[in-house]
Amino acid sequence: MEPTDKGRGGELDVLLHTEQTFPPPKGFAERAIANDPSIYERANADPEAWWSSWAEKLEWAEPFSQVLDWSDPPRAKWFVGGKLNASVNCLDRHVAAGAGDRVAFHWEAENADDLGAEGRRGVTYAELLDMTQRFANVLRSVGVGKGDVVGIYLPMLPEAVAAMLGCARIGAIHNVVFGGFSAESVRERMEFSDAKLLVTADATLRRGEPIPMKPAVDGILTALPKVEHCVVVDRCGTKPAMTEGRDLFWHEALAEAEPVCEPEQMDSEDPLYILYTSGSTGKPKGILHTTGGYLTGVTATHRLVFDLKDDDVYWCGADIGWVTGHSYIVYGPLANGATSVIYEGAPNYPAEDRWWEIIERYGVSIFYTAPTAIRACMKWGDEHPEKHDLSSLRLLGSVGEPINPRAWLWYREVIGGGRCPIVDTWWQTETGAIMISPLPGLTTTKPGSATIPFPGIEAKILDSEGEEIEEGAGILVLTRPWPSMARDLYKESDRFIETYWDRYGRDTYLVGDAARRDEDGYFWIVGRIDDVINVSGHRLSTMEVESTLVSNPKVAEAAVIGIPDEMTGQAIVAFCIPQGSGEGLEGELREYVAEKIGKLARPKRIVICDDLPKTRSGKIMRRLLRDIAAGEHLGDVTTLRDPDVVQDVVRRFADQGD
Ligand code: WT7
């Protein structure tokens, strides 16, 4: 499934067929922070010393007495006895070192040209610290304290960063929900986590139009008695209704708040945040990250994988609502004192060169995005990047899904001008930080491979019996603890063990991906082994979409599968048995899912059928549905309760196709 691009197609084809590898460019390697290959041997010979050397770069209020306690796997304790505060490490210590005037974020509004000076804000470290402390004081003033959960449902604004760090300052646990999720998804995540306060905006700008957020949140707050307050950032001036005593405007509350807020010194193992992600059941999992280990992991990986130097302008195009935003917009870059870009809007608004215009404007030197976005840009055509001077770029990154070699080569040639190394970074919400990735000054890259584990990380491929496969495909596992590993599933400790640590033993982390290792020991991620679909780099569970569909009274039963898609990696296809007539139901159900979960979950196709292929015990055979969608030979269907159903579904799938 390779998208056809305009422009350099022919040239890329030549490269594709040579299976070329790319050693680090000489000049890059010489100047790289990690340029000594023995770093791998040293880290792997003594991982605790390695991680400890990174932890020591943080500011601790009390030093740790033990690097790792792994006496009761999988319950890891990192930097035992240490005390620190994440916001101090991200802000105060840089300001104290004289970097208060350094820009932390160049914020670019979607409608920057219409907003004048307000549309492009350079937020310095001192300003971010001020906002963070004031917000932390607002939280304290309404009774939020250490261990309380605060929901954050915001557009891509500097306020979102300050909200996260404000929580960290007082030891409250943030629970960010991607702004593209529906209010219903927010409700569920607030309820599961017993959130006490929710931060949102009046509206979010999408392609120039304000989409209401606060009015949608009003609808769920009545069902969330534990959420005592709602703080509203006025992004679009839409004047939402405010409930007296419950709702506060961000700007008003911060203006009145005290400017200084003493940080809560947290135990290294105290929770920093939870972030919900899809699992193989309908209920999202609240991944729990703690303070000292997480900060250590993101600091080390952000510094070395992105070769971050003082004069870099770094831009991670992810949303703050995903783990990529948490680790590589907020905590990693700020802990490292980076200057970053935050762009609020769509990559093709008002035109398809918006990203390249931003790179040129700010002189971005490191750019990190997802394959799905790269493929979209590739389809829009080379003329858009070619209009801009992208010579400031020196390093490119990819994350979220396997990148197909053709998109990799396009990224390298057209965006990177053939001179920038590409780091294809494999990791997960659960791992907190990058696990498998090139180090750009050391690793020879192969298009499509995430290459080798980061120093100190040990990855293996196992067969179903747990035997290691040195070369070949199997199940990917991580076999050593690492500082930024998830510590638990919030309020679901048993599920944490069952999901990740039961298959091969308590010290072997089951990733949930299949992968292949080649003759050079390079890892190639194949895809998920559970009922998780990866749409545009976003994780969705088939069960989540199914249970949403059957919550509609017009649907009797539903089965959801992922199919390969040339733009989004995978796309959702839902087979539905209607309750009553299925006439004209397809469009309605697509919108229903978009409304209930969020636009990212909108199925590409809904196939209405009279029945679904089921085993004699009544289980829907999704494997068969996947074969039907792929047009594969169906093989033996005699174990089905009613083999005739298959032919009907095949016909429906073909008839209702585009
Ligand atoms: C799943 C994790 C990591 C932040 C974004 C997604 C897939 C992630 C890669 C990559 C191939 C990748 C895996 C993984 N994935 N990065 N470079 N190459 N696949 O975080 O939502 O927790 O999803 O995304 O399947 O398990 P997430």
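Ala, Val, Leu, Ile, Met, Phe, Trp, Tyr, Cys and Pro count here as nonpolar, Asp, Glu, Lys and Arg as charged, and the others, Gly among them, as polar. By these classes, the lining of the largest cavity holds 7 nonpolar, 2 polar and 1 charged residues. The model is predicted: local features need pLDDT of at least 70, side-chain atom pairs count only at pLDDT 80 or more, and totals for chains, interfaces and linings use all residues. Residues are numbered from 1 along each chain as its sequence is written, and side-chain values use heavy atoms, with hydrogens and water left out.

**Ligand site**

- The ligand has 17 residues around it, of which Asp424, Thr425, Thr429, Arg528 and Arg539 come nearest; a residue is near if one of its heavy atoms lies within 4 Å.
- By class, this shell divides into 6 nonpolar, 6 polar and 5 charged residues.
- Helix H13 (323-335), strand S20 (422-425) and strand S25 (523-528) each contribute at least two shell residues; helices (H or I, at least four residues) and strands (E, at least two) are DSSP runs, numbered from the N terminus.
- On the oxygen side, an N or O atom in the side chain of Thr429 is 2.5 Å from an oxygen atom of the ligand.
- The protein buries 95% of the 550 Å² that the ligand exposes when taken alone (Shrake-Rupley method, 1.4 Å probe).

**Cavities**

- The count is 6 cavities of 30 Å³ or more; a cavity is a set of points, on a 1 Å grid over the protein atoms alone, where a 1.4 Å probe fits but cannot get out.
- The largest cavity contains about 60 Å³ of space, a volume being the space filled by probe spheres set on the points, which are joined across faces, edges and corners.
- Its lining consists of Phe22, Pro23, Pro24, Pro25, Trp408, Arg412, Pro421, Ile422, Thr443 and Thr445; lining residues have an atom within 4 Å of a point.

**Salt bridges**

- There are 54 salt bridges, each a side-chain nitrogen of Lys or Arg within 4 Å of a carboxyl oxygen of Asp or Glu.
- One of them joins Glu30 and Lys26, at 3.1 Å from N to O.
- Both residues of this pair lie in helix H2 (residues 26-31), 4 residues apart, about one turn of the helix.

**Backbone geometry**

- Most residues other than glycine have a negative phi, and most peptide bonds are trans.
- The peptide bond from Pro73 to Pro74 is cis, with omega near 5°; Pro74 sits in the loop between strand S1 (66-72) and strand S2 (75-80).
- Also cis is the bond from Tyr349 to Pro350, with omega near -5°, and Pro350 belongs to the loop between strand S17 (339-343) and helix H14 (354-362).
- Asp194, a residue other than glycine, has a positive phi near 55° and lies in the loop between helix H9 (183-193) and strand S8 (197-201).

Key: A polar contact is a pair of N or O atoms within 3.5 Å; within protein, one must be able to donate a hydrogen and the other to accept it, and residues adjacent in sequence count only if both atoms are side-chain atoms. On a 1 Å grid over the protein atoms alone, a cavity is a set of points where a 1.4 Å probe fits but cannot get out, and a pocket is an open set with protein on both sides within 12 Å along at least five of seven lines; lining residues have an atom within 4 Å of a point.
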